[in-house]
Amino acid sequence: MKVPFNSFQPMHDELQQELQSAIETVVKSNWFVLGEQKQLFEAEFASFCGAKYCVGVGNGLEAIYLLLRAYEIGPGDEVIVPSNTYIATALAVSYTGALPVFVEPKKETYLIDPLLIREKITENTKAIIPVHLYGQPADMNEINAIAKEYGLLVIEDVAQAHGARYYGKRTGNLGNAGAFSFYPGKNLGAMGDAGAVVTNDETIADRVRVLSNYGSDRKYHNLYKGHNSRLDEIQAAILRVKLKELDRWNTHRRQTAEKYLNGIQNQAIQKPIVNAGREPVWHIFPIRTAARDALQTHLRDHGIETLIHYPIPMHLQEAYQDLNMKEGALPIAEEIAYTELSLPMFYGITDEQVEYVIDVLNHDFV
């Protein structure tokens with residue numbers, strides 16, 4: 001049996017007519033940037049998240065960056081980020097001229113450890129960016145309490161957690177603002193690059209909107225040295241169609257995750273832990289094993305596709321060699337990088353495929 005790591009076909013087959021109609025509507029309108037579809041999606045996605053404002057932008061990295069700019073974070077400032085996540089989170093900080101400060105996660109959840117945040121706070125710290133990694137909400141009550149104690153901002157990186165809930169409240173509406181990516185592989189994915197900022201602060205929403213449009217609040221009038229980072233009309237129209245199905249798709253992912261959590265019994269494999277109050281959406285289903293490469297080969301030999309998130313920790317990337325952090329500096333991030341393996345997870349994966357993956361995992365592979 002062949003089991004792909006991901007497939008868009010099930011969702012796109014179901015929505016083919018609606019998606020085609022949405023795209024045709026934009027084409028016929030002859031209006032492709034800063035139009036009605038973007039405005040409608042912003043209103044609908046803000047409502048979905050339980051927030052007041054949404055601003056569509058070009059991608060997830062720029063969503064974080066524009067929020068940092070809107071909060072006037074820049075050179076000389078420090079921003080706390082998890083040590084194990086995709087590099088975009090740190091890059092957004094670097095783009096402002098601020099310094100990303102890495103904090104280690106809890107191994108069992110992969111999420112930034114609030115107990116380790118305090119020791120990294122200095123007089124230059126301005127914000128914390130918790131990442132709801134793999135679709136599970138971070139420990140936001142603890143993080144918000146620390147932020148309040150030290151007068152820090154909390155900017156959620158929600159690139160992998162569209163629709164997740166934390167004690168009943170949607171991610172993206174748990175801090176000062178949230179940054180979303182709608183890269184095609186996300187739970188809510190466009191058909192190209194796209195992103196958004198969500199917040200309850202009208203001033204910040206207005207600043208992001210202006211910064212994303214060349215710093216212009218009206219044509220040929222520029223308040224800031226801004227950027228060109230706008231959610232285009234076709235992507236907004238596509239996202240509007242998909243947003244209506246997101247909770248249903250996420251329910252399917254949770255059911256798949258439950259099968260994995262209950263069915264994988266191999267003692268050589270560590271499964272993720274879900275803490276109380278969380279309703280994850282399982283963008284990724286990660287497992288860990290000391291024999292990761294052997295397991296990946298074992299699965300490949302049985303027709304099962306897997307990926308590694310992320311094989312090189314950020315602090316060991318050439319891009320961040322200026323931080324002069326050597327191997328061993330962040331041992332938990334390094335251990336996760338060397339032992340993590342992501343299993344097939346997508347809307348439309350069949351029970352038969354999931355059971356097959358579980359059966360192969362439960363056989364010896366070393």
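View 1. Helix α5, residues 88-95, is largely enclosed by the rest of the structure, because six of its eight residues are buried. Helices (H or I, at least four residues) and strands (E, at least two) are DSSP runs, numbered from the N terminus. Buried means under 20% relative accessible area, exposed over 50%, and partly exposed in between, with a 1.4 Å probe and protein chains only. This is a predicted model, in which local features need pLDDT of at least 70 and side-chain atom pairs count only at pLDDT 80 or more, while totals for chains, interfaces and linings use all residues. Residues are numbered from 1 along each chain as its sequence is written, and side-chain values use heavy atoms, with hydrogens and water left out. The buried residues of α5 are A88, T89, A90, L91, A92 and V93. They pack against α4 (60-70), β2 (78-82), β3 (99-103) and β5 (153-157), contact meaning heavy atoms within 4.5 Å. After α5 comes G97, with a positive phi near 95°.

**View 2. The largest nonpolar core.** A nonpolar core is a set of buried Ala, Val, Leu, Ile, Met, Phe, Trp, Tyr and Cys residues joined through side-chain atoms within 4.5 Å. The largest one has 37 residues, of which L67, L68, Y71, I73, V79, I129 and V208 touch the most other members. At least two residues of this core come from each of β1 (53-57), α4, β2, α5, β5, β8 (177-181) and α7 (202-211). The greatest contribution, eight residues, is that of α4. Leaving aside residues up to four places away in sequence, V208 touches V55, V57, L66, L67, A70 and V197.

**View 3. The pairing of helices α9 and α12.** The axes of α9 (residues 246-263) and α12 (residues 351-361) come within 10 Å and cross at roughly 25°; axes are lines fitted to C-alpha atoms, for helices over the stretch in contact, and angles run from 0 to 180 degrees between N-to-C directions. The two helices are therefore roughly parallel, a description for angles under 35 degrees. From α9, T256, K259, Y260 and G263 meet D351, V354, E355, V357 and I358 of α12.

**View 4. The setting of R240.** R240 lies in helix α8 (residues 233-243) and counts as partly exposed, because its relative accessibility is 23%. Not counting residues up to four places away in sequence, R240 touches Q37, L40, F41 and E44.

Technical notes:
Angles under 35 degrees count as roughly parallel, over 145 as roughly antiparallel, 65 to 115 as roughly perpendicular and the rest as oblique.
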